Amino acid sequence: DIKGLHCLPYFHIVGVSKCGTTDLYKRLDNHHSIARSTNKGPHFWDEKHTFDWYLDIYNAGHRSVEENPTTAIFGDASSNTLTYS
């Protein structure tokens with residue numbers, strides 16, 4: 001039973017392996033409005049995971065959002081999202 005504030009990604013960097021998703025994510029991560037997650041590419045869409053597992057990835061950074069709700073955002077940069085079937 002999950003209670004409290006939960007965050008989902010505000011943006012997804014869509015791509016495949018070796019197409020630059022990590023580089024783009026690192027560049028965006030330098031911006032003051034980006035809140036860090038525990039996993040930049042959780043592969044929720046192309047691997048088998050529960051929704052609670054996905055929420056937990058963004059749980060660690062929810063304090064950033066609580067402190068600055070209008071500007072702190074999360075992103076997902078999983079490679080292989082284009083190959084999801």
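Is His43 buried or exposed? In this predicted model, His43 counts as buried, because its relative accessibility is 16% and the cut-off for burial is under 20%. The residue sits in the loop between helix 1 and helix 2 (51–59). Its backbone also deserves a look: His43 is not a glycine, yet its phi is positive, at about 55 degrees. For context, most residues other than glycine have a negative phi.

Lys18 likewise has a positive phi, near 65 degrees, and is a residue other than glycine. Lys18 is found in the loop between strand 1 (11–12) and helix 1 (21–29). With a relative accessible area of 87%, Lys18 is exposed, whereas His43 is buried.

Attention now turns to the aromatic side chains. Searching the whole structure gives five aromatic pairs. One of them joins Phe44 and Trp45, whose ring centres are 5.1 Å apart; the planes meet at 75 degrees, so the pair is edge-to-face. Phe44 is buried, at a relative accessible area of 15%, while Trp45 counts as partly exposed at 41% relative accessibility.

Phe44 also pairs with Phe51. Here the ring centres lie 6.4 Å apart and the planes stand at 65 degrees, so this pair, too, is edge-to-face. Phe51 is partly exposed, with a relative accessible area of 44%.

Terms used
Residues numbered from 1 in each chain as written. Predicted model: local features only at pLDDT ≥ 70, side-chain atom pairs only at ≥ 80, totals over all residues. Heavy atoms only, no water. Phe/Tyr/Trp six-rings, centres within 6.5 Å; stacked < 30°, edge-to-face > 60°. Buried < 20%, exposed > 50% of the residue type's maximum accessible area, 1.4 Å probe, protein only. Helix = DSSP H or I, 4+ residues; strand = E, 2+ residues; numbered from the N terminus.
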